[in-house]
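This report describes how side chains meet in one protein chain. Please keep the sequence and the structure in view while reading.

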Amino acid sequence: ASSRGSAAVAAMTGVPFAMLRHAPTGWNETSRLQGLTDTPLSVAGEAAARSWRLPAPADGWRRLASPLQRARRTAELLQPSQPVSVDTRLREMSFGVWEGFTIVDLRRRVGERFIEAERQGLDFQPPGGESPRAVTRRLAAWTSEIAASGTPVVAVSHKAALRALLAWATGWDMTGRPPVKLDWQSAHFFVAHGDGRVAVDRLNVPLIGTPS
């Protein structure tokens, strides 16, 4: 009876979850688009992930990660240490043939075609890649499962995926500035509802540093 009651409460109030971006990689340090390229954490990134401590109440939640090694490794190094499960829906947006380049490179090499693609907001889609709108669809399937389970989770994902989630939760069409500037060394709390909605709870909650 108690489990049925808990599920009913979750259906009405929603289920909290937290997301954060992986720690830095060498490609982050040179501003290159990573997408599905499976880059490892840099030495500085490993040290950062070891120093991060999840804020309450996420420190006690089930831990998930994107299958890409930079996210998995971050999830493994986060304190307090916990087992990590992989969910492919948390992967980064694919940037297709543009992976490995910087935005500055692409504006220069691809020119107006790239600039026009940037103007498309949610429908920005690199050749051979994925749009933010497509990312929101796979994240919607994931958050629907969270709402149905009634169990809070914390997930390590990626910058473009988190921006797509923010767009979905706030109604931002990804043209112009975001409604909130996300800090990439913080946890971001949302609420998943049974009707498919996702709402912002708290953003930019610092990852409490501890000696590495």
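## Aromatic rings

Phe 17, Trp 142 and Phe 190 are linked into a cluster by ring pairs. Rings of Phe, Tyr and Trp (its six-membered ring) pair if their centres lie within 6.5 Å; planes under 30 degrees apart count as stacked, over 60 as edge-to-face and the rest as tilted. The model is predicted: local features need pLDDT of at least 70, side-chain atom pairs count only at pLDDT 80 or more, and totals for chains, interfaces and linings use all residues. Residues are numbered from 1 along each chain as its sequence is written, and side-chain values use heavy atoms, with hydrogens and water left out.

A search of the whole structure finds 6 aromatic pairs. In one of them, the ring centres of Phe 17 and Phe 190 are 5.6 Å apart and the planes are at 20°, so this pair is stacked. Phe 17 belongs to strand S1 (residues 15-21) and Phe 190 to strand S6 (residues 186-192), so the pair ties together parts that are 173 residues apart in sequence. Helices (H or I, at least four residues) and strands (E, at least two) are DSSP runs, numbered from the N terminus. Phe 17 counts as buried at 0% relative accessibility, and Phe 190 counts as buried at 1%. Here buried means under 20% relative accessible area, exposed over 50%, and partly exposed in between (1.4 Å probe, protein chains only).

Trp 98 and Phe 114 form a further pair: their ring centres are 4.9 Å apart and their planes are at 75°, so the pair is edge-to-face. Trp 98 lies in the loop between strand S4 (84-86) and helix H5 (103-109), while Phe 114 lies in helix H6 (residues 112-118). Trp 98 is buried at 5% relative accessibility, as is Phe 114 at 1%.

## A charge over a ring, and a hairpin

The charged end of Arg 202 sits over the ring of Phe 189, 4.2 Å from its centre. The criterion is that NZ of Lys or CZ of Arg is within 6 Å of the ring centre and within 35 degrees of the ring normal. Phe 189 also stands opposite Arg 202 in S7. Strands S6 and S7 (residues 198-206) run antiparallel and are joined by 6 bridges; two strands pair if DSSP finds at least two bridges between them. These strands form a hairpin with 5 residues between them, and Gly 196 in the turn has a positive phi of about 95°.

## Salt bridges

Side chains of opposite charge can pair when their charged atoms come close. A search of the whole structure finds 12 salt bridges, each a side-chain nitrogen of Lys or Arg within 4 Å of a carboxyl oxygen of Asp or Glu. The table gives examples.

| Glu 46 | Arg 73 | 3.1 Å |

Glu 46 in helix H3 and Arg 73 in helix H4 are 27 residues apart, and their pair links distant parts of the chain. A network of salt bridges links Glu 46, Arg 50, Arg 73 and Glu 76. Arg 73 is partly exposed at 30% relative accessibility. Glu 116 is partly exposed at 36%, and Arg 119 is partly exposed at 48%. Glu 130 and Arg 138, by contrast, are both buried.
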